[in-house]
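Subject: Structure handover

Hello,

Here is the structure for you to look at. My notes on it follow below.

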Amino acid sequence: MKAAASAIAVTRGFDGGKKVNGRKRHIVVDTLGLLLVVVVTAASVTDREAGRTLLARLRERHWRITLVWADGGYTGRLVDLARDVLRIALSVVRRSDDTTGFTVRQGDGWSSGRWRG
């Protein structure tokens, strides 16, 4: 989200991918859409960096959660950290290249609302 020019400089950053000077909101919701954890960072902080803090807070507050679906920005070593250190299965759900805008995607491992893994 864009930040006002009057916002404190350390709380803002430039996201080169989206060409926005502002902040990013990283959120975790449950399957009903209820808010569980929020982390707000400068836009210059990568999703992977913020994801470490986000998942650590999730583990502290909601220790029973063992599966998290995330978009393509939360990949790489974060998946290994989630599995090995936090004991969370981080499943990255990718959209196809021809998709534009927001679309609801079904996460890996779900069929008729039941986990198959």
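Before the rest, a word on the source. This is a predicted model, in which local features need pLDDT of at least 70 and side-chain atom pairs count only at pLDDT 80 or more, while totals for chains, interfaces and linings use all residues. Residues are numbered from 1 along each chain as its sequence is written, and side-chain values use heavy atoms, with hydrogens and water left out.

**Overall layout**

The chain has 2 helices and 7 strands. Both are DSSP runs, numbered from the N terminus: helices are H or I with at least four residues, strands are E with at least two. Along the sequence the order is β-β-β-α-β-α-β-β-β. The chain has 117 residues, and 30% of them count as buried. Its accessible surface is about 8,400 Å², by the Shrake-Rupley method with a 1.4 Å probe, where for residues only the protein chains shown count as cover. Carbon and sulfur atoms hold 53% of that surface. Now the contacts, meaning heavy atoms within 4.5 Å. Among those with a separation of 6 or more, 30% link residues 24 or more positions apart.

**The core**

In soluble globular proteins, nonpolar side chains tend to be buried together. The largest nonpolar core here has 14 residues. Such a core is a set of buried Ala, Val, Leu, Ile, Met, Phe, Trp, Tyr and Cys residues joined through side-chain atoms within 4.5 Å. L55, L58, V68, I88 and L90 touch the most other members. Two or more residues come from each of β3 (35-42), α1 (47-61), β4 (67-70) and α2 (77-84). The biggest share is from α1, with 3 residues.

Take a look at L58. Setting aside neighbours within four places in sequence, L58 is in contact with V28, L36, V37, W63, I65, V68 and I88.

**The surface patch**

Which residues form the nonpolar patch on the surface? They are I27, V29, L35, V38 and V40, with about 430 Å² of accessible area together. Patches take residues with over 30% relative accessible area and no salt bridge; like charges are joined within 9 Å, nonpolar side chains (Val, Leu, Ile, Met, Phe, Trp, Tyr) within 5 Å. Strands β2 (20-29) and β3 each give two or more residues to the patch. Strand β3 gives the most, with 3. V40 lies in β3. It counts as partly exposed because its relative accessibility is 48%.

**Salt bridges**

There are 4 salt bridges. Each is a side-chain nitrogen of Lys or Arg within 4 Å of a carboxyl oxygen of Asp or Glu.

- E60 and R61 pair at 3.9 Å, N to O. E60 is exposed at 61% relative accessible area, and R61 is exposed at 52%.
- D80 and R83 pair at 3.1 Å, N to O. Both lie in helix α2, 3 residues apart, about one turn of the helix. D80 is partly exposed at 34%, and R83 is partly exposed at 45%.
- D84 pairs with R83, with the closest N and O atoms 2.9 Å apart. Shared partners join D80, R83 and D84 into one network of salt bridges.

Best wishes

Definitions and conventions
Buried means under 20% relative accessible area, exposed over 50%, partly exposed in between (1.4 Å probe, protein chains only).
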